[in-house]
Amino acid sequence: PSIKLKNSGADAIISAMYDEKSAYNFLKIRQEQFPNIPLFGDEFVPDHYMKPEYKDLYEDTVYFYAAKPNESFVRKYMEKYKTEPVFGAATAYDATMIEAKMLRDKGLNADYNDYLRSTTFNSAAYGKMTFDQLGGVQTKDNQFDLWKITDNKTVKI
């Protein structure tokens, strides 16, 4: 597969490998065989790029990561739990609060799909938000930030 990729004329590689061993092996092959093809990754890149064995393997990689929740949520979370919220804490909180509001407003036997798609919610993760016809989040706020690794440091771009 690596020869096929190298000879494909690819303009870029998009990698979403959740298994760290697979990611490491792929990155070593990339470094040796096609280091000039730009690499784009996902929210798992920061989980291991700073480990010594990954030094330079992610150089110039661009990846996305969920935007930080609003500062009010972070402050309240830290006051209560004495630590910063982990990845997904704000969206888990939002899901719970949306469900509680839906049950308060509509009870147990309602058309929840219609309710979710016709209601605006104030969320910790995205500010004011609604759901589209497919159930995706719609908001004016950016849900993800792009980062680039340069000299083994991340820079928001």
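Predicted model: local features only at pLDDT ≥ 70, side-chain atom pairs only at ≥ 80, totals over all residues.
1. Residues are numbered from 1 along each chain as its sequence is written, and side-chain values use heavy atoms, with hydrogens and water left out.

2. The parts list. You'll find 5 helices and 8 strands in the protein. Helices (H or I, at least four residues) and strands (E, at least two) are DSSP runs, numbered from the N terminus. Going along the sequence, the pattern reads α-β-α-β-β-α-α-α-β-β-β-β-β.

3. Overall shape. The protein has a radius of gyration of 20 Å, while a compact globule of 157 residues would come out near 15 Å. That radius is taken over C-alpha atoms, and the globule rule is 2.2 Å times the number of residues to the power 0.38. Along the principal axes, the C-alpha atoms fill a box of roughly 60 × 40 × 25 Å.

4. Surface and burial. The accessible surface is about 10,700 Å², and carbon and sulfur atoms own 54% of that (Shrake-Rupley method, 1.4 Å probe; for residues, only the protein chains shown count as cover). Of the 157 residues, 28% are buried. Here buried means under 20% relative accessible area, exposed means over 50%, and partly exposed is in between (1.4 Å probe, protein chains only).

5. Charges. There are 21 positive and 23 negative side chains, with the centres of the two sets 3 Å apart. Lys and Arg count as positive and Asp and Glu as negative, leaving out His and the chain ends; each charge is placed at NZ of Lys, CZ of Arg, CG of Asp or CD of Glu.

6. The sheet. An open sheet of 5 strands runs in the order β1-β2-β3-β7-β8, with mixed pairing. The edges are β1 and β8: each has a single partner strand, so one side of each is left without a neighbour in the sheet. Two strands pair if DSSP finds at least two bridges between them.

7. Two pairings to look at. Strand β2 (residues 39-41) and strand β3 (residues 62-66) run parallel, joined by 2 bridges, and Gly41 stands opposite Tyr63 in β3. Strand β7 (residues 144-150) and strand β8 (residues 153-156) are antiparallel over 4 bridges, with Ile149 facing Thr154 in β8. β7 and β8 make a hairpin with 2 residues between them, and Asp151 in the turn has a positive phi of about 55°.

8. Two loop residues around β1. Asp11 is in the loop between α1 (2-6) and β1 (13-14), and it is exposed at 69% relative accessible area. Contact means heavy atoms within 4.5 Å; not counting residues up to four places away in sequence, Asp11 touches Ile37 and Pro38. Ser15, in the loop between β1 and α2 (20-33), is buried at 16%. With that sequence limit of four places, Ser15 touches Leu39, Phe40, Gly41 and Asp42.

9. One more loop. Val86 is found between α3 (71-81) and α4 (89-106). Val86 counts as exposed because its relative accessibility is 57%. From Val86 to Val74 is 12 residues in sequence and 10.0 Å in space, C-alpha to C-alpha.

10. Contact range. Of the contacts between residues at least 6 apart in sequence, 49% join residues at least 24 apart.
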